[in-house]
Structures are given as structure tokens and as C-alpha cells.
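Here is a short report on one protein chain. Keep the sequence and the 3D view open while you read.

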Amino acid sequence: MSKYMTEAGATVLLLIAALAHPSSAMAHGGADMEQDPCMRLAGENMVYFSAYQPQYEIQNQYCTEIPQEGDTFLVVDLIDPALRNELIGMRVIRGKGKNEAEGEIVADVRPSFHPDGVLRGEVQLNEGLYTVSIESENRGLLQRPQYLLRVHMVDYQKLALSITGPLVGLLFVGWLAYKLIRSKWVWRWWTAAPNS
């Protein structure tokens, strides 16, 4: 019976550790640059997208989930030096349509050279969905990186996933406690304890 209690205790400790540090319990480990949702391929070259709202949070950067409406600075880092010698621009369209005719263009940064490797733009974003396209005159439409921005919107799928883990853990701990309380070993121990 001691072995059973040791295994149950170890399981509970692992569960508590996983709930306390969910990022270390996930299977992907440390995400490298290719798995970063802000990183995209422009042909064979890499670009990295960031959005900033310094009027709310000076140091926070966002990628696809923009928490507030308002003035937003959009920054594209041209990771590969080859892109710095090309005409690169950016277009922001309200809506998530693949076709630009489906949405309203809210910002258009005309293609130009960026020797410092940084493409910058500023746009006023209201609540809703936006598509940001990084454009090059030397590359086809199929190689044009795009980002879908959710501005001041609740992502219910992410919310459900964030609640599911702790809920499953809580149910497991409850089930384990129920099994321990109902076990004969605990019942014998409880009845054998001297009454004071």
C-alpha cells in the first residue's frame, strides 16, 4: 500500500508542477525562429512583424493580438540582408479577405529601400480584423507574407484552451482525492487512529 501512496503522491506533485508552470509542460519547448508566429517567409527570406502601442504600454510588442484600439506602430524587421536591397512596402486592410477588394485599405506604405533593415508604419486601428501584407516589387503574390491582426477582440478559442488545462487538472485532483478517501487503506488508518 505504501507503493500506491508514493505513486499517487508523485502524480499529484507532477500535476501541481505542470499547473504552476504550464509553459514548461507544453510539448514544443522553446520556440525557435521558424515556429514564431511573428516570423514569415518572403520567398526564401525571413521577415519579423511587431506592433506597438506606446500610449498604453511602452515596452510591450504584439504580433497578431492587439489588445487596444488606437494609434499603432507597425514594424517589420527585414531579417535577411537581401531584402534590404529590394523595394519593400506594407499594406493594412480592414477585414480578413484574401482579396484586397474585399476590405478597406487603412494604411499603405509605398515600397522603398530600407538599408537599416526596418520597415515602419503608423496606423489608427479600431476594433476588428485587419490583414497586413508585406509587399515587394520583385516577388509574386504567392510569396507575400501576411499577418491577420485581431484588434481589441476576445479570442474564445485561446480562452477555452487556457481554461481547459487547469480544469482537467482540478478534476484529476478531485478524482484522486475521492479515490484516496474511498480506499480501504485510508479507511483502516482512519478507524485505527486513537480517539482523543
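Start with Arg 120: at 53% relative accessibility, Arg 120 counts as exposed, because exposed means over 50%. This comes from a predicted model. The side chain of Arg 120 meets that of Asp 116 in a salt bridge, 3.1 Å from N to O. Asp 116 has 44% relative accessibility and counts as partly exposed.

**Salt bridges**

How many salt bridges does the structure hold? There are four.

| Salt bridge | Distance, N to O |
|---|---|
| Arg 150 and Glu 65 | 3.4 Å |
| Arg 91 and Asp 108 | 3.0 Å |
| Asp 116 and Arg 120 | 3.1 Å |

Look at Arg 150 and Glu 65, whose side chains meet in a salt bridge. Arg 150 lies in strand β10 and Glu 65 in strand β4, so the pair ties together parts that are 85 residues apart in sequence. Arg 150 is buried, with a relative accessible area of 18%. Glu 65 is partly exposed, at 23%.

Now find Arg 91 and Asp 108, which also meet through their side chains. This pair links distant parts of the chain. Arg 91 sits in strand β6, and Asp 108 sits in strand β7 (residues 104–112). They are 17 residues apart. Is Arg 91 buried or exposed? Arg 91 counts as buried, at 13% relative accessibility. Asp 108 counts as partly exposed, at 29%.

Salt bridges that share partners connect Arg 91, Asp 108 and Arg 110 into one network.

**The overall plan**

Step back to the whole chain. The protein has four helices and 10 strands. Along the sequence they follow the pattern α-α-β-β-β-β-β-β-β-β-β-β-α-α.

The protein has 196 residues, and buried residues make up 29% of them. Its accessible surface comes to about 13100 Å². Carbon and sulfur atoms account for 60% of that surface.

Contacts can also be sorted by distance along the sequence. Take those between residues at least 6 apart in sequence. Of these, 63% join residues at least 24 apart.

**The nonpolar core**

In soluble globular proteins, nonpolar side chains tend to be buried together. Look for this inside the model. The largest nonpolar core has 28 residues. Which residues have the most contacts inside it? They are Phe 49, Val 76, Val 132, Tyr 147 and Leu 149.

Several strands give two or more residues to this core: β1 (39–42), β2 (45–52), β5 (70–78), β6 (88–94), β8 (118–125), β9 (128–136) and β10 (146–151). The largest share, five residues, comes from β2.

Val 76 is buried, with a relative accessible area of 0%. Leave aside its neighbours within four places in sequence, and Val 76 is in contact with Val 47, Tyr 48, Phe 49, Met 90, Gly 117, Val 118, Leu 119 and Ile 134. One more distance can be checked in the 3D view. The C-alpha atoms of Val 76 and Ala 51 are separated by 8.8 Å, while the two residues are 25 apart along the chain.

Then trace Val 132. Not counting residues up to four places away in sequence, Val 132 touches Phe 49, Met 90, Arg 91, Val 92, Pro 145, Gln 146, Tyr 147 and Leu 149. Arg 91 in that list is also part of the salt-bridge network described above.

**One disulfide**

The count of disulfides comes to one. Cys 38 and Cys 63 form it, with their sulfur atoms 2.4 Å apart. The pair links distant parts of the chain, 25 residues apart. Cys 38 is in the loop between α2 (22–25) and β1. Cys 63 is in the loop between β3 (61–62) and β4 (65–66). Both cysteines are buried.

**A nonpolar patch outside**

Finish at the surface. Which residues form a nonpolar patch there? They are Val 154, Tyr 156, Leu 159, Ile 163, Leu 167 and Leu 171. Together they have about 620 Å² of accessible area. Pick out Ile 163, which is found in helix α3 (residues 156–182). Ile 163 is partly exposed, with a relative accessible area of 47%.

Key
Residues are numbered from 1 along each chain as its sequence is written. This is a predicted model: local features need pLDDT of at least 70, side-chain atom pairs count only at pLDDT 80 or more; totals for chains, interfaces and linings use all residues. Side-chain values use heavy atoms; hydrogens and water are left out. Patches are made of residues with over 30% relative accessible area and no salt bridge: like charges are joined within 9 Å, nonpolar side chains (Val, Leu, Ile, Met, Phe, Trp, Tyr) within 5 Å. Accessible areas come from the Shrake-Rupley method with a 1.4 Å probe; for residues, only the protein chains shown count as cover. Buried means under 20% relative accessible area, exposed over 50%, partly exposed in between (1.4 Å probe, protein chains only). A nonpolar core is a set of buried Ala, Val, Leu, Ile, Met, Phe, Trp, Tyr and Cys residues joined through side-chain atoms within 4.5 Å. Contact means heavy atoms within 4.5 Å. A disulfide is a pair of cysteine sulfur atoms within 2.5 Å.
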